[in-house]
Each structure stands twice: as structure tokens, then as C-alpha cells.
Amino acid sequence: MKTKRSSYVFVTVCLAALLIVSMLVAGCTSNGTTNSVPATASAAATAAPTAAPATATATATQTTSAAASSGQTLTLTGSTTVLPIAQAVADAYMQAHPDANIQVSGGGSGVGIQAIINQKVDIGMSSADVSAAQKAQDSNMNIITIAHDGIAIIVNPANTVQDISLDQVKGIYNGSVTSWSSLSGAGVPNSNNQIVLVGRDSSSGTRTYFDQVVMQNTNDSLSMHEDNSNGAVLQEVAQTPNAIGYISIGYLDNTVKALPIVTTNGHVIVPSVATVKDKTYPIHRDLYMITNGKPTGLANDYINFLLSPAGQQIVVAQGYVALNS
Amino acid sequence: MVSRMKEKFVRSVFFLTAFFAVIVVAFILLFLFRDGYSIFETVGVLNFLFGTIWAPAQVVPSYGISALIIGTLLVTFGAMVFAVPLSIGCAIYISELATPRVKSILKPATELLAGIPSVVYGFFGMIVLSTFIRITFNIPSGQTWLAGSILLGIMALPTIISVSEDAISSVPREYREGSLATGATRWQTISRVIVPAALSGIAAAIILGIGRAIGETMAVIMVTGNTAIIPNPVWNVLSSVRTLTGTLGIETGDVAVGSEHYHALFGVAVVLLLITLIINLSAVAILSHLRDGRGAGRAKRSWLHIPAFSPIKDKLLPYSRIVLLALIALMLLATGLWEVALIIILAAAVWHYGGDRISRRHIEIFAFGCVIAATVAVLAILAIILGYIIINGLPAISWDFLTQGPTDLGRSGGIFPAIIGTLYLVAGAILIALPLGVGAAVYLVEYTREGRITKLIRTGVDLLNGTPSIVFGLFGFAFLVLFLDIGVCLLAGMITLALMVLPTVIRTTEESLKNIPQSLREGSLALGATQWQTIKNVVIPPAIPGIVTGAILSIGRAAGETAPIMFVAVVFSTRFLPTSLFQPVMALPYHLFILSTNVPGSSTNKYGTALVLLMLVVAFYSVAILIRNHYARKARG
């Protein structure tokens, strides 16, 4: 009997330890939110001039935030190309409005459009045009262009290639060119020069657009690695010396080399905000947000903020091209 | 009269909880077939199964899954080639050679390996293993079949080790003593007597390990390259491949509901489910055969005895070893490791022709060396993975990281909502699974004799246990999110995770109920207590530690899973904690998956998230192991 009792003590102690740990974590909850509200408010005050009264409202919203968050929730789903814009705009908007809760998810353009048709989210994001068939499923669909974008062809910095033509890209992606040595000036030192193809998964808007414009609706090689986001393609190309990939220009950073495109009339055009803006860069497109009917409430405020000069500045800061400028 | 009514009522409640597992299996099958059926109709079953091109995005989409099936089988086979020698060596060491003290460290260590979440393995594989393979073999890309196999092999290690260690330990002592008394060395005793006697158990362990490897999703997505091709030549382990689970993991979240592609994915899920069902049922059959055989001298009967095949089998058996060796040698040749292949072939030749001339003592030393090397390798793997994540993750951990919401897509800010989201998910899952699971176990142990219905229920539980986690995710998506229309939310995640851990709860509860001596029950009944009173007051209280252990193990498993919740419960980022069950949440494993695959430039937070997730799950497992060991000691002393 005695041993039995000590066993109970032991289990109780173990459970109590777990409980204490979770209490500690939960303790951080209250601390965390009370700490964070003034922090975000002051950040907002310095960052956005529109949020000047934020410090004053911060203490007031502190008490209302829990109640208001359930009423003021906005959901966005879809293209990973649009995602960084949506998230950055959401961050800025939420700093100015501490009671708003904006939830952003990826998935891909197909998911974004489908979610609007099924009325699952407030705003769908897409980097591909909405097809006629998709429009037919939802007559209320309201498509808003929010930014311009270019798709950059990227390689690993180790590759000596300087520029590339769209025909060469097509040859590489349909599998007829398999070695960097068959491109003049291209090559990866200390390797067998075999090209590693990296592309996007089958429901990506970026892939749809790439297949239309670059591949001209011919088939991609089956040996292409399929990644399910811009970030994953970037990371694989950065990690793999022989790789080639394509991503939105908003994702470009110094871990990869973005290749200038040689056009049919011999111009060499660097993928950049400027060349996408004047439409000289050949692989450019629009980015969309989609709602069911005219947006209302928080969705409307959010989109208006995105389309305002302050919102378009965020678009530029994220590496994309602002509208009508 | 009233009390009899009550007894009947209680009994039927328990029956319902037990039958729940069967209902769930039926529902999973029903919903997968319902959504997958149309692809079999439009494409045709044969074209679907044997078509070699999976290209839903092509101008003319093509849905042939043979490349995916072959990819799945190849990756699993490779994983077993890697895992089986290591884990059997390790099991032999733990059960036959280790001192009790070493054993008491080794066993929990291998069990911790089971606790590491698959997305953490994937993360490690993506960053460390695939780069290592690319550089070592000087190939263009390290995202290969080999990387997938090694990773899945590591993940299957704990399953195979613990089940085969049980099998080896349960070989009767007389076998050992008899063999040693005839003058055999310890190694001869192990290799000629003990391992053959434990062979069925080891076979079951391997099959369970295969089931684990086939059903794995996240780790596979992150390291295999996901190219839907059949390797050329087929033993080329440096080719990248794509598995059935990987296809589901990548494409399901992105597909337009109701499209042909969507139905094709459910078709893939049906095929995957059928493959795992076959594998798990055969493991169950072997294990139950083992249990039956134990009573009546079981040494002779082979575990898969089909009379017509036995002459063929007898003829083939001597060659099987050569065939296996040849296959492995071919694979090594393909990787360019021809030196290793040569050594293996030479060693095999020496063994075959000169084996008798080497002294028994040298053989024993060599064999024990191999066994110890296997054990050290397993420990080294554990140390490397844990060390890598701890060293890189510690700098990220700060008070703000643990208590703030994410900003800039998780590149900066903290992971607080993800930690809480995960805790909510597992708390809900265990609240649902615990009553159902305990009820089912009580019904199976206390209320029935073995019969047709219990057999059906047990089969249901076994099938549920073997169902890949991604299939639960698909089911949750098709049934909860779309059919019941509750949307992507916390509740859907809780239910999906609850279904997934239900078999673990049932199994562990059953075990601890069975360990309660029959005399206690009889004593209680003899004093005039009703059956329900007996169960409530006599049987359940001493079983509680076992039940708690099972619950904690389930919590650990649920906390680390990504695949089941990625379509049903989670969002990239949200600022506040959910205020109702119908809101989506953030979760640690999904956040790690997103950070490591979708968000470039998030390195510190990525490692920090991996570390927090690892610590959380390991904490749950350690508590479970502590409780169990404490009781095992109590039971013995």
C-alpha cells in the first residue's frame, strides 16, 4: 500500500510539473499582451504618421482588444507571391489599429480564387488572371489589381552565366537542354554542369503564368523539382549550385543571381522594379485581390489602405511595383 | 432494477465508444472513396494505377501514379536497408549485451528518437543531410531518394528497435542456457538460437517500421525533390523521387476543390491507404500468430505458412541472402561508392568460402564490434540532430521570442500564438480522445470475451493506428471542413488529431487494464459490487498511471504532427489567440514548415521554432517515460 501511495505522489508531481510549465507559458500570455500593446503603439506612432493618436488610444484599446478582436477579423488566402505584400500591409494596418486581427494564409492562387467562390475567406489573393470558367462560378466576384510584378529567372551565384534568352529558358524547362555547358558563358565551376530544374507546384499562379508566357503552353520536363512556394524555390536554388528557378521579383535577394533576359531584338533587360514598371521586362504581370461583391467593413478599410499612397509604399518596400506610377 | 438498467446503460455507452474506432475507419474509407471515385471513372483504374506520368499542370493533364507508387516503395525499401541492420544490432545490444545501467539509459534514448517531430527531421534533412549528400557524391542536387531513405530510416529506428527488443527479450531463458551449456559462444547463441527464435517478432517490427516509413509526409516533402519520375536506372539512389504522401502534402492544400486534380488526389489517398492497410494487417497477423504460437512450442512453424509455396521457398531461401546483397551492392555502385560495394562482396565471399576457418573467438569479437557500432551509430544520430538544433536554436530563444506574435511573416517577432495554438490543439485532441479511448479499452478488456465483434473493433483500432497522418488530414479536410462546413478552424484540428491519437490511447489503456490482477475484480464482485462499481472503484484507479502515460505519449505525438492539421486548422500568421473553436490558429510544427520552406531569410527564428517544438515534445515524452519507468520499478520491487 505504501509503495502504491508513493507512486501516486510521483505521478502527481509529474503532472504538477507539467501544469506549472503550462501555467508559466500561460503567464506569459497576460504579460505578453500587456507588454506588446504599448510597444506596437509606439512603433506605429513613429512609423505611420496616420497613427499619431495611437499612443492615446493604446490604453483605451488595451481593455477592448479582446472583445474587439472577435468582431474585427479579416482573413486572406491564396498566392504566395501576393503574401508578403498582404502580410506587410496587415502588419502596418494592425499597428495603427490595435483591435484589428488580420489572418493571412498561403496556398496558391488557385486556392485563393476557389476560397472566394466558396465564400470561405474575406479576400482571396491571386497572381494569375481569373479564368472565364472561374468567373462563371461566382458572378459577384470583384477583382482588384493591387500591384505589378515580374517573374525573375534565378540561378545560383556560383553559376558564371551572365544573361539568358526566353528561348533558352524554354529549352531548359522542357528538358531539351540539360547541361549548362551548352549555353555560352554558362557553367558551374567544379561540377558536371548538369542543370537542376526547380519549379512550382501545379496550382501555383506563378507556374501558370510562366507556362503561358515562357513555355507557351508546352509541357515542363518531368524531372523538374516541384516546390510549393516562392520561398522554397529561392532556398533550393540558393543551396544548389547547378539549379535554375523562377520567382517573383519581390522575393529576390543576394543569395541568388537574377538573370537579365536577352530579348529577340538583342536588348538585355535586367529584372527590376523599373523595367517591370515600363513593361520592357518581358515576364511581367498584375497581382490581384479578390472579394465577393464590393468589400465592406475591415476588408474595405484594408484594401483602401493598400491602395493608398502609404499602402503602395509598402508594396515598393516589399520589392514589387506600385500601381499607376 | 434501477441498478440493472444503469449497468445496461453503462455497458452500452462503453460499447459505443469502442465501436467508434470502427465507425471512424468506415467514414475515412467512405469519404476518400466518395471524393476519389470519379477519377477512377474518368481516367480508368488501370490507367490511373499504371500510368507513368503524373502531370496535373500539363496542357493535357495526365494522372498516372505508378511513378509515385514506385517512388514510395523505393524510398521505403531504402529506409529499411538503412534501418534494419542498425536497429536489430541496437536491439541485440540492448537486450543481450548491455549492463542494466547502460540499458536504462539506452532505452529512453531510443524512445526520445521517436519523439522528435517529423517536421524537425525534415528541417534537419533539408538543410544538413541534402547538402551533405550533394557534396559527398558530387551531384547537382542533394534532394534525392537517398536523402529520403536515410531520413525515413532514422524515423523508423525507434519502432523497429523497441518491438524487436521486446521480441528478443521474451525468448525463454532456457534457450540461452541450453545453448551456452552445449559449448556455443555467446555470439553463436545469439545468432543461431535467440535471433531465430525471435524472428517473427523481428519481422513484425520491420513491418511496423515499413508502415511508419510509408506513411510519413513532411520529412519526405522536404528532402526528396518531389520529381514524379521513376529513377533511371531504377536502383539509382541519387535520383530525386516523389512519394504518394509527398504528392498529397504538396498539392492538396493548393488544389481547387471539385476539379479533376482534386479527385485524383483523393484517388492517390485511397491507394496509399490500401497499401498501408495491407502492410499493417500483415503485421497484425504475424503478431497474433506470435501470441498464439507462444503457448504451444512455436519454434518450428514459419510465420507465413502456405503449403503450396514451401518447396519453392525452401529452394529460394539460400539464394535470398545473395539476392539481397547483390541489390545493396548495386545501389552502392549506383551511388559511386564502388569501393564499399567491393568490400561487401569480398566480405561475403570470404564468409562463404572461408567462414569455417576463422576462429569462433574472432568471429565473436567482430560480431560484437558490429553490434556495438550499430548502437553507437544510433546514439550518434540522436546526438547530431539534437545538438544541431540546440546549438543553432539557442541564440534565437529570448523572452520576446516566446511571448510576442510574429511580424514580417515570422522573420522577426516571436512565436507566442504558435505555442498557444499548439497547446490548444493538443488539449482539445486529448479531451476528445481520452474518454473515447479509455471507454473503448474498458469495453474490450472488462465487458467482452474475444469474439467476432471484439475482433472487428480490434481490427478497426489496428487500421486506425496504421493510417498515415496525411490521410487523417485529407479526411478532416473532406469531411469536417468541406462536408460539415465548419471551415478551417481549431475544432476541426482537434477532432482530426483526436482520431489520430485514439489508437495509442486505446492500446496503452488496454495494456494497463490487463495488468490488473484478475483476483481484484473477483474479490470486488464477490463482495456484491456491480460490474460498473468494480470497474470504477477497483480496476481503473490502479490503471491510472498507465492511462496517463498513454495520454502524455499521445499529446507528444499530436503536438509534433504537421500533416493532419495543415489543411484543416492552421494559418500562416494571426495576431490574437483564437476566441472561439471556429477560428483557425497558428501551430508550431506548421510554423516551422512554413518558415523553412516558404519564408526566405528567417534563419534565426526558424531554428528557434525548431528548438521550442523539439523541447515541448521531448518534455512530454520524458514525463511519459519517467512515469512508466517508475511504475515498472514499482511492479518489480
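A salt bridge is a side-chain nitrogen of Lys or Arg within 4 Å of a carboxyl oxygen of Asp or Glu. Here, the side chains of A:Lys120 and B:Asp485 form one, at 2.5 Å from N to O. This is a predicted model, where local features need pLDDT of at least 70 and side-chain atom pairs count only at pLDDT 80 or more, while totals for chains, interfaces and linings use all residues. Residues are numbered from 1 along each chain as its sequence is written, chains are lettered from A in the order in which they are written, and side-chain values use heavy atoms, with hydrogens and water left out.

**Where the chains meet**
- Chain A brings 72 residues to the contact and chain B brings 73; contact means heavy atoms within 4.5 Å.
- About 5,600 Å² is buried between chain A and chain B, and carbon and sulfur atoms give 57% of that. Buried area is the accessible area (1.4 Å probe) that two parts lose on being put together, summed over both.
- The rule finds two salt bridges across the interface of chain A and chain B.

**The nonpolar cores**
- A nonpolar core is a set of buried (under 20% relative accessible area, 1.4 Å probe, protein chains only) Ala, Val, Leu, Ile, Met, Phe, Trp, Tyr and Cys residues joined through side-chain atoms within 4.5 Å.
- The largest core has 277 residues, and B:Phe48 and B:Trp54 are among those that touch the most other members.
- Setting aside neighbours within four places in sequence, B:Phe48 is in contact with residues including B:Trp54, B:Tyr63 and B:Val271.
- A second, separate core has eight residues, including A:Ile113 and A:Val130.

Conventions. Buried < 20%, exposed > 50% of the residue type's maximum accessible area, 1.4 Å probe, protein only.
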